[in-house]
Amino acid sequence: MSAEAEPPPGAPPAPPAPLMWSQEMYWYIYRMPLPEVDSVKTALCVPAPHPGVSQATALAAVRSLMLRHEALRTLCPTDAHGIPFQSVRTEFEVPVPLRRQGDDPADIRAVIDELAGPRLDQAVDLPLRVGLTLHGDQVATVVLLLNHIAVDKASAPILTEDLTRLLDAPATCAEAAVRPAPCPAEAPRGLQPAEQARRQALGSQTVLGARALRYWEEVLRELPAAPFPWSAPAAGAEHYHQAVLRSRPLLTALHRLGRRERSSACDLLATAFCLALSALSGNSRVAFKMNFSNRFPEVRQSVGCFFQEALVHVEAPGRATVGELAARTQQRLLAGSRHARYSYLDCRDTRARVEAARGLSFRLATSFDCADGWDQRPATVDGIANPASEEESSLSRRTCEWQDDYNDLFFRSYPQDDAAVLDLVVHTSVAGRAETGRLLHGMERFLIAWAEDPRLAAATVTEAVERFALPVTRYGDGWVLVDHCWVDAAALARLLCAVDGVTAAALVVRERPGHAPVLVAQVTGPGARRPELRPDLRAALLTALRRRRDVVCPHEFVWCERLPQSPAPIATAHRPATDNARPLVNAPSGEPGSPEQRFVTALAAALGPGPVDLDACYAEQGGRAVLAAAVIERLEQLGCAGPTPDDLLGPWPLRSLAALCTPHPE
């Protein structure tokens, strides 16, 4: 359809297309219990030409913009089975604008906040809202509030350019009072989202997607379950703090170092980030999600949501040199980027299967975002200023309004004027304000020193961490590194003793030739004489671990009449004599209409024919991520609240999730 003409009256909507892989993440997280203030929306503000334009002209320009870019008039409903798809509207109305007198920054901010407040329903609401700031009757600024499932960050310059040109068009383009005609606009320059989705479903991109899924599975099998096992995220205000370091000498150092090492600023900053992250987490295995726009050639000029996260995994052992870490980081960034085109929902299924096999739930909550623009040359590349000078380097604190708990640590960097900016948002349970400042200053000093002295590449990771005073986490007695995770063995032993059928527990690490060590639980109790109790032990323990990040499920259980003395256990625990044994999860009542039975009913449609096994997890029974949201929605329709799609996709026995279901009259 040409963007220069109105669709004919009564024209049928374009045939539906599947979601693009990149849209699947935003469709999925929309169904998670995120606070509205943090819902997936982004704002675009475009000033009108001085002294302003009429409201009719502004709305006509918006309509023409929507006609040109399908993403702005696409809904994302689900079919009868709960599978989402794109529905491009050929008939639509420009949303009724929110108007506000005044065009100061505070006025524009107030319009954005008011537009962002109400929920944007992906299935029935167009993915944009319109705001107008006014000087009298004239529009000064057009504000678009966009749903992220429709538009990513890289779309903003395209939309801004188009809308600016449309607002500059002759007034004759938009003087109709009720339904203004669209201003002339050339056809879209890039591939439209619906067509891209069809290509992904049927074209050669499916090969790329399959390769990416294999990469994700390989990485997930070697990741720490939680980089910060002591973290205790909780939703609400003031759970995050933000520090911003602005450094002129760092910008100079990055250009000088990049030229000498033939590395990009992104590679160098990622090397410093891996150094700092390994120290802060106390784990040589560093994993993070990398944010970039994924603007491959076929969609470089397109408007839509093409953003996908890359998964990066870097080994940073203390004995490795800085040069080795830099080479390894560069290689892993490239590997992550090459495998950043994938179906998010298929990837979520892969993750669920790996979690079920490892008996733990991953917390992938660390992000690295490196902006474009680092190729700009500073005024004096060869003159590195004194980093200790206050006017050359400054650290400021900012208020962070995030209210969810979906991030542990978010780092981004970008050049600004004549300085490099390092911006770090950290959950308060992960690191304090002092540690955050030390981390940023340590990264800055490390990169400046490396630019000044090439011999720093021969220093070890341990030496660099100590020299630049990066914050270090050291785990005390009772903790053990196993399955790439730091585990509070003492806490795990106590949890084992809380399971029905266990009276005492000891934990040992068993070496396996050619393989990583495994954690073995030696337990005593009635289960030693009653084998029928043993299968329930792992399920009951997994239930107890659902809210714990500092413990993982043992790889093996050994039932004993008494705890052996050799090899020496890492931790032991005994059930107090006065503690009455009881199961951690009560069996569902099975009564018709009970919350547990409603849960089973909601699961049945997603898991297919046959009985639901409450002692197995959702993924083990073939449950898919794309239907997890439908299960939860069906449960709500049956009058129950409780688990989330993420709960359903975890390694937890369904019996433990059934126990979360409670009647909910709404």
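Visitor: Which residues of strand β16 point one way and which the other way?
Guide: Cys485 and Val487 point one way from β16 (residues 485–488), while Trp486 and Asp488 point the other way. All of them are buried; buried means under 20% relative accessible area, exposed means over 50% and partly exposed lies in between, using a 1.4 Å probe and protein chains only. Strands (E, at least two residues) and helices (H or I, at least four) are DSSP runs numbered from the N terminus.

Visitor: Where do these numbers come from?
Guide: This is a predicted model, in which local features need pLDDT of at least 70 and side-chain atom pairs count only at pLDDT 80 or more, while totals for chains, interfaces and linings use all residues. Residues are numbered from 1 along each chain as its sequence is written, and side-chain values use heavy atoms, with hydrogens and water left out.

Visitor: Which sense does β16 pair in with β15, and over how many bridges?
Guide: Strand β15 (residues 479–482) and β16 pair in the antiparallel sense over four bridges; strands count as paired if DSSP finds at least two bridges between them. Val482 has Cys485 as its bridge partner in β16.

Visitor: How many residues are between β15 and β16 in the hairpin?
Guide: There are two residues between them, and Asp483 in the turn has a positive phi of about 55 degrees. His484 is also in the loop between β15 and β16, with a positive phi near 65 degrees.

Visitor: His484, buried or exposed?
Guide: His484 is buried, with a relative accessible area of 17%. Ala469 also has a positive phi, near 55 degrees, and lies in the loop between α12 (461–467) and β15. Ala469 is partly exposed, at 37% relative accessible area.

Visitor: New topic! What is the order of the strands in the open sheet?
Guide: The four strands run β19-β18-β17-β20, with mixed pairing. β19 (556–560) and β20 (571–574) stand at the edges with a single partner strand each, so one side of each has no neighbour in the sheet. From one strand to the next, the twist averages 25 degrees.

Visitor: What about β17 and β20, how many bridges?
Guide: Strand β17 (residues 504–512) and β20 pair antiparallel over four bridges.

Visitor: Which helix lies across β18 and β19?
Guide: That is α14 (residues 534–545), which lies across β18 (515–524) and β19 and runs at about 130 degrees to β19. Axes are lines fitted to C-alpha atoms, for helices over the stretch in contact (heavy atoms within 4.5 Å). Angles run from 0 to 180 degrees between N-to-C directions.

Visitor: Where are the cis peptide bonds?
Guide: One joins Ser566 and Pro567, with omega about -5 degrees, and Pro567 is in the loop between β19 and β20. The bond from His50 to Pro51 is also cis, with omega near 5 degrees. Pro51 sits in the loop between β2 (41–47) and α2.

Visitor: What joins the side chains of Gln55 and Arg99?
Guide: A polar contact of 2.4 Å. That term is a pair of N or O atoms within 3.5 Å; within protein, one must be able to donate a hydrogen and the other to accept it, and residues adjacent in sequence count only if both atoms are side-chain atoms.
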